[in-house]
Amino acid sequence: MKVEDKVALCAIKQHAESHIQLDTSLCEKCPTKICIRACPAHLYTLEQNEVKVDHSGCLECGTCLVVCILGAVSWNYPQGGFGIRYRHG
Ligand code: SF4
C-alpha cells in the first residue's frame, strides 16, 4: 500500500485555531524554505514571497518543526479531540 493510500484512510477533525504558528520575520531570512518541500502533506506554500501554512490536513508528523533551521515554527498537538486519527487499512 502506498503512503498516499494510507493517508487517505485517516480521519482529520480540524480545529478552527491553527496548532502551527510561523514567525514570518524569520521565514523571510530563510535561504532554503525547506518546509515547503519537506511537509509530506504539502501544507506549506509561498504566497507573494511569504511562507504560509494551512494546518488543515496536518499529519502531526513534526517534520516541519525538525527541518526549520531558524526555529520559525511553533508547533503543538491540536487540542484534545481534534487532529488526525490514524486508521489501518
Ligand atoms: Fe506537514 Fe508534518 Fe508539519 Fe503537519 S507536522 S505541517 S504534516 S510537516
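**A walk through the predicted model**

From the N terminus on, the elements of the protein follow the order α-β-β-α-α-β-β-α-β-β, which comes to four helices and six strands, where helices (H or I, at least four residues) and strands (E, at least two) are DSSP runs numbered from the N terminus. This is a predicted model, in which local features need pLDDT of at least 70 and side-chain atom pairs count only at pLDDT 80 or more, while totals for chains, interfaces and linings use all residues. Residues are numbered from 1 along each chain as its sequence is written, and side-chain values use heavy atoms, with hydrogens and water left out.

Taken along the principal axes, the C-alpha atoms of the protein fill a box of roughly 40 × 30 × 25 Å. Of the 89 residues in the protein, 28% are buried, that is, under 20% relative accessible area, as against exposed at over 50% and partly exposed in between, with a 1.4 Å probe and protein chains only.

Around the ligand there are 13 residues, of which Cys39, Cys58, Cys61, Gly62 and Cys64 come nearest; a residue is near if one of its heavy atoms lies within 4 Å.

Val53 is partly exposed, because its relative accessible area is 22%. Leaving aside residues up to four places away in sequence, Val53 touches Ile20, Leu22, Leu43 and Tyr44, a contact being heavy atoms within 4.5 Å. The C-alpha atoms of Val53 and Ser18 are separated by 9.2 Å, although these residues are 35 residues apart along the chain.
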